[in-house]
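The sequence and the model come next.

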Amino acid sequence: MLNSSIFVVGSANTDMVIQVAHLPKPGETVIGDKFSKVQGGKGANQAVAARRAGGKVYFVGCVGKDDFGKNTRAALSSEGIDVTYLAQDSQASSGVALIFVDLKGENCIAVASGANRLLRSSDVEAAFNRIDPADIVLVQQEIPAEIVKQAIRQGQQKEAIIILNPAPACPFDLELLPYISYLVPNEIETEMLTGIRVQCEDDARLAATQLLSLGAKNVLITLGAQGVWIANAYEQQLVKGFEVATLDTTAAGDVFCGALAVAITEQRNLLEASTFACAAAALSVTKVGAQPSAPTRVEIDAFLNINR
């Protein structure tokens with residue numbers, strides 16, 4: 001598996017980020033501080049995180065034929081990500097996200113998906129012709145549900161390892177869970193999948209047990225600064241997060257998923273892979289912006305050496 005590739009099927013956006021003293025309430029206008037325009041989108045974020053962590057990455061997505069789309073392609077390519085399967089569509093603008101980040105690093109986000117919703121079945125099929133057994137398919141839910149299902153089913157047929165980050169929280173076909181090698185929801189997404197509100201470790205254990213019973217091989221419930229609850233047929237435990245000074249949590253979950261994919265290609269066990277991913281996510285919240293916050297492999301290894 002050490003030479004395995006990571007195929008990220010997902011969204012690519014341009015993020016418009018405003019730092020504010022507090023998140024606006026309905027009807028409230030908040031005067032912000034700094035503004036930045038950075039590359040984002042859950043799929044692209046995870047692709048960049050995986051590449052910087054040392055993975056060989058292909059990105060499968062769709063952007064518009066506009067400046068945002070051109071910039072996205074150039075940015076991903078400059079990271080060393082293969083963009084052969086990043087389609088362009090003239091019918092819609094590229095995806096855009098408007099993000100507010102407060103002084104505590106918390107955020108609220110609105111997304112105009114644009115061309116992300118036009119990712120076609122044929123685009124996925126073309127990319128998956130290159131998949132070998134033991135490659136990884138990493139997918140989220142900012143693209144059409146039918147494309148998510150296709151990526152999972154076709155990836156499984158190719159004997160790939162399937163990682164699903166069911167974000168943002170929305171209905172998901174639970175019959176697909178037996179195809180999932182690693183399921184990575186946060187507390188909100190876990191509640192959407194199970195009906196269990198995760199407020200403590202016992203809740204996480206109960207929810208993870210339910211998801212395992214439905215067919216998922218490994219479950220990793222991300223719990224923000226607390227860490228991640230991991231579970232499979234052999235173990236269940238909390239992997240504690242690392243204490244850092246938080247500036248922006250925008251892409252922490254995406255960085256976790258990208259780093260996790262790399263750790264899996266390196267044949268790390270669930271505990272080791274989760275610890276590696278937690279370290280990457282911790283480093284990401286110390287910086288502002290989605291993709292700019294993804295740490296390099298050198299940074300992750302150094303952080304782990306200090307915090308062992």
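## Cysteines

Cys257 is buried, at a relative accessible area of 1%; buried stands for under 20% relative accessible area, exposed for over 50% and partly exposed for what lies in between, with a 1.4 Å probe and protein chains only. The closest cysteine sulfur to that of Cys257 belongs to Cys278, and at 11 Å it is too far for a bond.

The structure as a whole contains zero disulfides, a disulfide being a pair of cysteine sulfur atoms within 2.5 Å. Cys62 is in none, as its nearest cysteine sulfur, in Cys170, is 19 Å away. Cys62 is buried too, with a relative accessible area of 3%.

## Basis of the values

The model is predicted: local features need pLDDT of at least 70 and side-chain atom pairs pLDDT 80 or more, while totals for chains, interfaces and linings use all residues. Residues are numbered from 1 along each chain as its sequence is written, and side-chain values rest on heavy atoms, with hydrogens and water left out.

## Fold and dimensions

Nine helices and 13 strands make up the secondary structure elements of the chain; these are DSSP runs numbered from the N terminus, helices being H or I with at least four residues and strands E with at least two. The radius of gyration is 18 Å, close to the 19 Å from the globule rule for 308 residues, so the chain is as compact as a globular protein of that length. That radius is taken over C-alpha atoms, and the rule is 2.2 Å times the number of residues to the power 0.38. The C-alpha trace spans about 50 × 40 × 40 Å along its principal axes.

Among contacts with a separation of 6 or more, 68% join residues 24 or more positions apart, where contact means heavy atoms within 4.5 Å.

## Surface and burial

Of the 308 residues, 53% count as buried. The chain exposes about 13,400 Å², and 50% of this comes from carbon and sulfur atoms; the areas follow the Shrake-Rupley method with a 1.4 Å probe, and for residues only the protein chains shown count as cover.

## Pro171

Pro171 sits in the loop between strand E9 (161–164) and strand E10 (182–183). Its relative accessibility is 69%, so Pro171 counts as exposed.

Neighbours within four places in sequence aside, Pro171 is in contact with Gln141 and Met192. Met192 is 21 residues from Pro171 in sequence, and their C-alpha atoms are 7.0 Å apart.
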